[in-house]
Amino acid sequence: MATSTQLVEPPPRRLPRPRRRELSPLERVPAPMRALQYLALAAYLAFLAFPLVWLLSTSFASPQDLVRLHPGLIPEQPTLDNFTQAFSEQALGRSALNSLVVAVASAILTVLVALPASYAVVRLRTRMTKPILGWVLVSQLFPFILLVIPIFLVLRTVGLTDSRPGLVLIYVVWILPFALWMLQGYVRELPKDIEEAAMVDGASRLQVLRSIVLPLLLPGIVAT
């Protein structure tokens, strides 16, 4: 008895439906509401920028414009005499240079002190680690006005009043706890296995800090 075999065709394969693109939160907002949001944001930016615009307008105003009962945003008699007087009689350029020198020197010295200190606090944990971090936080609670007289007496004793080094020293002491607290958070996020592997290969603690920790901490150092 002969048997015949018939090939059964497989059912047609259904193609998956294309997934709809998910809308972002901004796209879900109706167009009129989105326009109102942009309008409110523009009004808020104009509100924040108005003091700066008024300051710029006043810098070009003449003495007659400044004493008007209803001064306008655009001076009627614009002049550059204000800038000439500021740079010639008030030594504005020298003041800006002093600020730049003090700011750069304070930032560099603060990072140079806070970097090894934060590494030691995180990696070389002792019984004094928590008290040190607690004192760092407590030191930020003191108002600066309470320290003005003691700082002045100390600077007068060492002969650093009315000098750039004295001002740099004040800024370094005042900013150091904040920089130490920030950097210790970045150091804590570094994997310790990398440092241990370098020490197994013969690197010293100083070499690890200079060749491994410092490059990895560069974003944190810039932020600090």
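Is Phe83 buried, partly exposed or exposed? Phe83 is partly exposed, with a relative accessible area of 32%; here buried means under 20%, exposed over 50% and partly exposed in between, using a 1.4 Å probe and protein chains only. Before we go on, a word on the model: it is predicted, so local features need pLDDT of at least 70 and side-chain atom pairs count only at pLDDT 80 or more, while totals for chains, interfaces and linings use all residues. Residues are numbered from 1 along each chain as its sequence is written, and side-chain values use heavy atoms, with hydrogens and water left out.

Let us start with the overall plan. The chain has eleven helices and zero strands, where helices (H or I, at least four residues) and strands (E, at least two) are DSSP runs numbered from the N terminus. Of its 224 residues, 20% count as buried. Take the contacts (heavy atoms within 4.5 Å) between residues at least 6 apart in sequence: 56% of them join residues at least 24 apart.

Now back to Phe83. A search of the whole structure finds two aromatic pairs. Phe83 and Phe60 form an aromatic pair with 5.2 Å between centres and 50° between planes, which makes it tilted. By the rule used, rings of Phe, Tyr and Trp (its six-membered ring) pair if their centres lie within 6.5 Å; planes under 30 degrees apart are stacked, over 60 edge-to-face, and the rest tilted. The pair links distant parts of the chain, as Phe60 sits in the loop between α2 (31-59) and α3 (63-66) and Phe83 in helix α4 (residues 81-88), 23 residues apart. Phe60 is partly exposed too, at 30% relative accessibility. Helix α4 also holds Phe87, which is exposed with a relative accessible area of 51%.

In helix α2 you will find Ser57, buried at 9% relative accessibility. Leaving out residues up to four places away in sequence, Ser57 touches Gly72, Leu73, Ile74 and Pro75. A polar atom of the Ser57 side chain lies 2.2 Å from the backbone oxygen of Leu73. Such a polar contact is a pair of N or O atoms within 3.5 Å; within protein, one must be able to donate a hydrogen and the other to accept it, and residues adjacent in sequence count only if both atoms are side-chain atoms.

Next, follow helix α8 (residues 164-189). Its 26 residues reach 36 Å from first C-alpha to last, close to the 38 Å expected at 1.5 Å a residue, a span taken as 1.5 Å times one less than the number of residues. At its start, a side-chain oxygen of Ser163 comes within 3.3 Å of the backbone nitrogen of Gly166. A kink of about 40° lies at Ile175, shortly before Pro177; the bend is the angle between axes fitted to the seven residues ending at a residue and the seven starting there. The buried residues of α8 include Val168, Val172 and Pro177, and its buried residues pack against α5 (92-123), α6 (129-139), α7 (148-158) and α11 (218-223).

From the α5 side, look at Ser106. Ser106 is buried, with a relative accessible area of 5%, and touches Val168, Tyr171 and Val172, not counting residues up to four places away in sequence.

Finally, an unreviewed UniProt entry lists residues 38-57, 100-122, 134-155 and 167-187 as "transmembrane region"; such annotations may be inferred rather than shown by experiment. In the model, residues 100-122 are 100% helix, with end C-alpha atoms 32 Å apart. Residues 167-187 are 100% helix, with end C-alpha atoms 29 Å apart.
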